[in-house]
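Which aromatic rings pair up in this fold, and where do they sit? Follow one pair first, then its surroundings.

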Amino acid sequence: MGKDIAGLVHQLAAVDREERRAATDRLVALGAPVVEHLLPLLGEEDGAGRSAAEACVRRLGDAAIEPLRRVRSEGPGRLRPAALRMLADVGGGAALAPADRAAVERLVRVKLLDETPGDLPADAWVAVPRAEVKDIVRALGLHDAQPVTTSLGVSAALHQENSLEHRSADGTTSTEYRVFITPEFDGWRLVYGADYLNDNWAQVVEKLSSQCREAHFYAVDEYNGARVWWVAENGQDKRGHRTYGDPVWVGEPMEFERDLMQDEDDELYDPEEAEEYAEGVRDPEEAASWISIQPSTVEVLDRVGHGWLAVTSPEVGHGRFRGALDI
């Protein structure tokens, strides 16, 4: 059987895609014994062989956990990093041995001492001024908030699994999420969660503005041409624009928008600019630059504290979300 497995593993690096796919299917059918044969490929630099090996391990799922744990505890040492990465991919933090979880927590604490966050993603985010973490957590009903580096928070809330289906003890099913709250930058905290904001942004700004007096939502989807910016105060919509929606505009133009609007009598009247700002500012990042902060500029802003990663249900801990996180 070992020779058969070795031959199939060799095929994972084949040039022909169909050959790779057939080898993957056969290896997955053989179950846990193939993991030790896949590990050398997992430790390689990026390539077709490594990608196919990772796909095999992910499809094996829980069956791959114990073989990967043995490599973490017994070696060989050169394969331990790959085993740790794949444990997180297939089983999340819950799949890690206690010693590995403790090591990750220690590393996070060390990194927080001298973290220098880079600029943040500008796809979809919520901005809240002068807000304490506890107020954001309370407003959104979050749980198990843990201190994290910005890299870890972004990775968890945007780049890896950040939502999952959860069945409660009473048999009901709900979607639960990971949410990242950034450090404070020039008095503003940003809230991230790819699936969370996609599914709930209107409720999020309403709840946060009720608790924290003011909250903004911004989204830029270049692929679909969708752009949104929204400001709420004390639980009520104040001003907003969205590319797709009814209505497209909400509320009266804010002061910064009125400053950009032009009359034909203006000395510096520009027809194109007048048309662009006739109804207000459409671009979310431009709006953010006037009334809050832009994620792409936080690297040069004054920072206070560190980020926090939380979940939306007390029954769903961080360990159930799969994916190897940056630290």
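The paragraphs below start with aromatic pairs and end with cysteines.

This is a predicted model, with local features needing pLDDT of at least 70 and side-chain atom pairs counted only at pLDDT 80 or more, while totals for chains, interfaces and linings use all residues. Residues are numbered from 1 along each chain as its sequence is written, and side-chain values use heavy atoms, leaving out hydrogens and water.

A search of the whole structure finds six aromatic pairs. Rings of Phe, Tyr and Trp (its six-membered ring) pair if their centres lie within 6.5 Å; planes under 30 degrees apart are stacked, over 60 edge-to-face, the rest tilted. Trp125 and Tyr218 are stacked, at 5.1 Å centre to centre and 20° between the planes. The pair links distant parts of the chain, 93 residues apart: Trp125 lies in strand E1 (residues 124-129), Tyr218 in strand E6 (residues 214-221). Strands are DSSP runs of E, at least two residues, numbered from the N terminus.

Trp125 is buried, because its relative accessibility is 0%. Tyr218 is buried too, also at 0%. Buried means under 20% relative accessible area, using a 1.4 Å probe and protein chains only.

What else surrounds Tyr218? Beyond four places in sequence, its contacts include Asp123, Val228, Pro284 and Ile291. Contact means heavy atoms within 4.5 Å.

A separate topic is clustering. Trp201, Phe217 and Trp230 form one aromatic cluster.

Finally, the cysteines. The structure holds zero disulfides (pairs of cysteine sulfur atoms within 2.5 Å). Cys56 counts as buried because its relative accessibility is 0%. Cys212 is buried at 10%.

Note on methods: Helices (H or I, at least four residues) and strands (E, at least two) are DSSP runs, numbered from the N terminus. Buried means under 20% relative accessible area, exposed over 50%, partly exposed in between (1.4 Å probe, protein chains only).
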